[in-house]
Amino acid sequence: MSSRLSPIDTAKFVAAKRACDFVEDGMRVGLGTGSTAAWLVRCLGEMVTEDGLRITGVPTSARTAELARRVGIKVVSLDEAKWLDVTIDGADEFDGELNLIKGGGGALLQEKIVATASDKMVVIADQTKQVQCLGAFPLPLEVVPFGWRTTKALVEETLAALDVLGDHGTLRQMGDAPYVTDEGNYILDLHLKRIGDARQLALVINQIPGVVENGLFIDICDIVVIGHGDGRVEVKDVNTGVTREDRIEFMENDNLFRDLGD
Ligand code: 5RP
């Protein structure tokens, strides 16, 4: 085991590495966004260039598309691929039923579309993402820029009637300007602290005009691969109820661990 990676990066890396087991030759693979998903893209890139794995990748953001191309993965759009064998992505939180909060990286809309268009969604995460109840991580909501203040007020009014502990939203910023998604929308981060009924919230909040999509992934994820800082990985399958645990041994080599600036 290498000592150069921090425990959190080790956890992300081993989760990503183990998740590669779900990818087979010829598959169409949804590629997630974020620091954990970036490890996955690197690992798959290595399998493509070193082992001759043939896959077609559908990225969930412009930045994942760029990284995938750089590491040698063939990239197509979702419409070109039509349907995917598997999508592998990170998450900000997951609960015991493998419901998720996603969108910390601002890519929730493409991520949800791509994951939903897949036979299987595998989440890769370090152990800190596991929660009893969703909501400590602010729930991202993608909204159209037009009238976003009005949309925010309507969202907060709606939240006040739902089973949550907070109802306050903040516009995500990038420096001095609003953060803009790949689709040209804004993100409201909802500080809910605890989401009592995630399914209800996900349905109700999407009815508000101006809301494009929310970061709750309900009944979408099939498997979570949880990485630990000591190299252990747990693979939890929500459909079978089975959890398996093993350990990934690895040596940092120049190719996989080189600085790609992602
Ligand atoms: C991006 C996401 C990411 O998957 C989520 O934010 C987790 O990111 P990281 O792996 O960097 O912790 O939803 O929109």
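Colleague: How is the shell around the ligand split into nonpolar, polar and charged residues?

Modeller: Keep in mind that this is a predicted model, where local features need pLDDT of at least 70, side-chain atom pairs count only at pLDDT 80 or more, and totals for chains, interfaces and linings use all residues. Residues are numbered from 1 along each chain as its sequence is written, and side-chain values use heavy atoms, with hydrogens and water left out. Ala, Val, Leu, Ile, Met, Phe, Trp, Tyr, Cys and Pro count as nonpolar, Asp, Glu, Lys and Arg as charged, and the others, Gly among them, as polar. On that basis the shell has two nonpolar, nine polar and five charged residues.

Colleague: How far is the polar side-chain atom of Lys 129 from an oxygen atom of the ligand?

Modeller: A polar contact here is a pair of N or O atoms within 3.5 Å. Gly 103 uses a polar backbone atom, 2.8 Å from a ligand oxygen, and the side chain of Lys 102 has an N or O atom 2.9 Å from one. For the side chain of Lys 129, the distance is 2.7 Å.

Colleague: And how many residues of H2 are buried?

Modeller: Buried means under 20% relative accessible area (1.4 Å probe, protein chains only). Helices are DSSP runs (H or I, at least four residues), numbered from the N terminus. H2 has 17 residues, and it's mostly covered, with the buried count at 13.

Colleague: Which residue just after H2 takes a positive phi?

Modeller: The angle is about 75 degrees, and the residue is Gly 52.

How values were computed: Polar contact = N/O pair within 3.5 Å; in protein donor to acceptor, adjacent residues only side chain to side chain. Helix = DSSP H or I, 4+ residues; strand = E, 2+ residues; numbered from the N terminus. Expected span 1.5 Å × (residues − 1). Buried < 20%, exposed > 50% of the residue type's maximum accessible area, 1.4 Å probe, protein only.
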